[in-house]
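Subject: Structure handover

Hi,

Here is the structure I promised to pass on. Please open it next to this email and follow along.

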Amino acid sequence: MSESLSVREINVGLDFGGAVTHVGRLAMRERRIYFEYHPDFIAQGLELSPYHLPLKTGVTSFDLSLFKGLPGVFNDSLPDGWGRLLFDRLAMSRGVLPASLTPLDRLAHVGRHGLGALVFEPDRSTSGSDDLINLDQLAQQIQQVLDGSADHVLQTLETINGSSAGARPKALIGLDHSRQQIIHGVDSLPAPYESWIVKFPNSHDGADAGAIEFVYGLMAKQAGIAMPEIHLFSAQKGAGYFAVKRFDRHGAKRTHMHTACGLLHSDFRTPSLDYKDLLNLTAALTRDAREVEKLYRLAVFNVLAHNRDDHSKNFTFLMDAKGQWTLSPAYDLTFSSGPNGEQSTMVMGEGRNPALDHLTALGHQAKLAPSLVQSIHDQTLSALSRWDALAKDHGVASGTRILIGKHLHRR
């Protein structure tokens with residue numbers, strides 16, 4: 001850990017699952033971070049971050065007030081929430097103050113094992129193992145950390161968290177086709193394992209948080225939302241652990257990921273986006289009306305399902321090796337409240353109580369056919385009407401089921 005304090009430069013690479021392509025170099029001088037593309041990468045014409053880090057020669061630097069001066073595309077690679085807490089706790093256990101760690105120190109810790117296709121050198125990440133994982137034991141260790149103890153398991157938990165973001169504890173796992181065998185999933189996985197993420201409740205969640213998110217995933221699929229594979233693992237305590245297949249990994253192949261937060265340099269902690277901004281971004285980036293429709297469907301679901309934590313880090317775009325962008329499958333769909341109870345992402349300027357009228361206007365803004373807009377509304381409402389039955393089937397607590405049901409019926 002003490003070595004990481006010496007990181008002054010980072011070589012950035014791009015790994016789509018073959019040879020690593022050199023992208024450029026980050027350097028830190030007197031607290032300011034500078035970046036320069038490698039000339040050979042510029043010649044390839046792959047725009048990793050077209051709005052705030054376009055392909056051009058010369059050195060670029062950014063305002064220190066956002067992402068501590070790191071370009072948004074590289075900030076996307078850093079863990080936050082639970083992952084940052086683990087790394088900071090681990091640093092303190094080794095006598096290093098988290099405040100002394102720079103963004104470059106943290107990128108070196110991500111190394112070659114981050115989400116997406118970006119890789120960083122020096123690589124000071126920690127590899128996992130092929131050992132089997134017991135989710136109930138992992139949940140107990142996580143709870144000990146949340147309670148402020150268990151320094152002896154910090155390294156293990158920090159390693160299997162990888163660079164995943166979000167407030168809830170997570171583990172990157174390898175899952176076989178039978179969904180019975182679970183191993184560490186940070187590194188490249190042996191056949192027949194596939195890359196998944198499993199979530200655990202945090203100190204503010206109920207024991208049925210995993211079941212709620214699983215039911216929301218089922219309803220989202222019914223509503224026509226593009227979703228990854230999902231699964232609900234059984235648990236000794238609570239209704240189960242929610243798991244989702246990673247969309248940045250397909251065997252040995254990797255996909256470049258970029259959040260709306262990083263693309264637009266929009267701080268997700270101070271929400272200011274409107275869904276019309278996201279629709280415009282989707283149209284400009286993908287140049288595909290089908291992707292615009294996918295984003296609109298997601299907006300309708302989030303609003304009608306009372307998923308108000310729909311901030312700019314919860315929308316991700318994927319770029320393949322040819323430079324083609326698409327909207328990622330949906331993720332982090334669950335019953336939630338936003339800042340002061342409002343929708344984190346507004347709908348045509350309305351955050352307090354966006355309704356079907358606002359969603360209709362949004363659809364027209366996106367130039368979607370009125371019949372399609374109405375069809376999406378109807379399909380979403382039909383999917384949400386299944387909440388009560390699905391929640392009962394998957395062990396959501398009665399009080400929680402009734403509370404969420406009341407909010408959904410208001411729509």
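**The whole protein**

The protein's secondary structure comes to 14 helices and 15 strands. Keep in mind that this is a predicted model.

Start with the overall form. A compact globule of 411 residues would have a radius of gyration near 22 Å, and the protein has 21 Å, so the two agree. Along the principal axes, the C-alpha atoms fill a box of roughly 55 × 50 × 40 Å. Of the 411 residues, 53% count as buried.

Residues 24 or more positions apart account for 66% of them.

Find strand β1, residues 9-14, and strand β2, residues 21-29. How do they pair, parallel or antiparallel? They pair in the antiparallel sense, over 6 bridges. The hairpin of β1 and β2 has 6 residues between the strands. Gly 17 in this hairpin takes a positive phi near 115°.

Now move on to strand β3, residues 32-37. β2 and β3 run antiparallel and are joined by 6 bridges. Here Ala 27 has Tyr 34 in β3 as its bridge partner. These two strands also form a hairpin, with 2 residues between them. Glu 30 sits in the turn and has a positive phi of about 50°.

**Around Glu 121**

Glu 121 is in strand β5, residues 118-121. Is Glu 121 buried or partly exposed? Its relative accessibility is 43%, so Glu 121 counts as partly exposed. Leaving out residues up to four places away in sequence, Glu 121 touches Glu 9, Ile 10, Asn 11 and Arg 112. For a sense of scale, pick Leu 263, which is 142 residues from Glu 121 along the chain. Their C-alpha atoms are separated by 23 Å.

**Salt bridges**

The count comes to 22 salt bridges. Arg 112, one of the residues that Glu 121 touches, forms a salt bridge with Asp 15. Their closest N and O atoms are 3.7 Å apart. This pair links distant parts of the chain, 97 residues apart. Arg 112 is in the loop between α4 (103-110) and β5, and Asp 15 is in the loop between β1 and β2. Arg 112 has 31% relative accessibility, so it counts as partly exposed. Asp 15 has a relative accessible area of 7%, so it is buried.

A second salt bridge joins the side chains of Glu 213 and Arg 168, at 2.6 Å from N to O. This pair, too, links distant parts of the chain, 45 residues apart. Glu 213 lies in helix α7, residues 209-222. Arg 168 lies in the loop between α6 (154-161) and β6 (170-175). Both Glu 213 and Arg 168 are buried.

Arg 249 and Asp 248 are both buried.

**Aromatic pairs**

There are 9 aromatic pairs. Phe 35 and Tyr 37 form one that is edge-to-face, with 4.9 Å centre to centre and 85° between the planes. Phe 35 is buried, at a relative accessible area of 2%. Tyr 37 counts as buried too, at 6%.

Tyr 216 and Phe 301 form another edge-to-face pair, with 6.1 Å centre to centre and 85° between the planes. Tyr 216 lies in helix α7 and Phe 301 in helix α10 (residues 289-304), so the pair ties together parts that are 85 residues apart in sequence. Both Tyr 216 and Phe 301 are buried.

Last, look for a cluster. Ring pairs link Phe 35, Tyr 37, Phe 41, Phe 74 and Phe 120.

Best wishes

Definitions and conventions
Residues numbered from 1 in each chain as written. Predicted model: local features only at pLDDT ≥ 70, side-chain atom pairs only at ≥ 80, totals over all residues. Heavy atoms only, no water. Helix = DSSP H or I, 4+ residues; strand = E, 2+ residues; numbered from the N terminus. Buried < 20%, exposed > 50% of the residue type's maximum accessible area, 1.4 Å probe, protein only. Contact = heavy atoms within 4.5 Å. Pairing = 2+ DSSP bridges. Salt bridge = Lys/Arg side-chain N within 4 Å of Asp/Glu carboxyl O. Phe/Tyr/Trp six-rings, centres within 6.5 Å; stacked < 30°, edge-to-face > 60°. Rg over C-alpha atoms; globule rule 2.2 N^0.38 Å.
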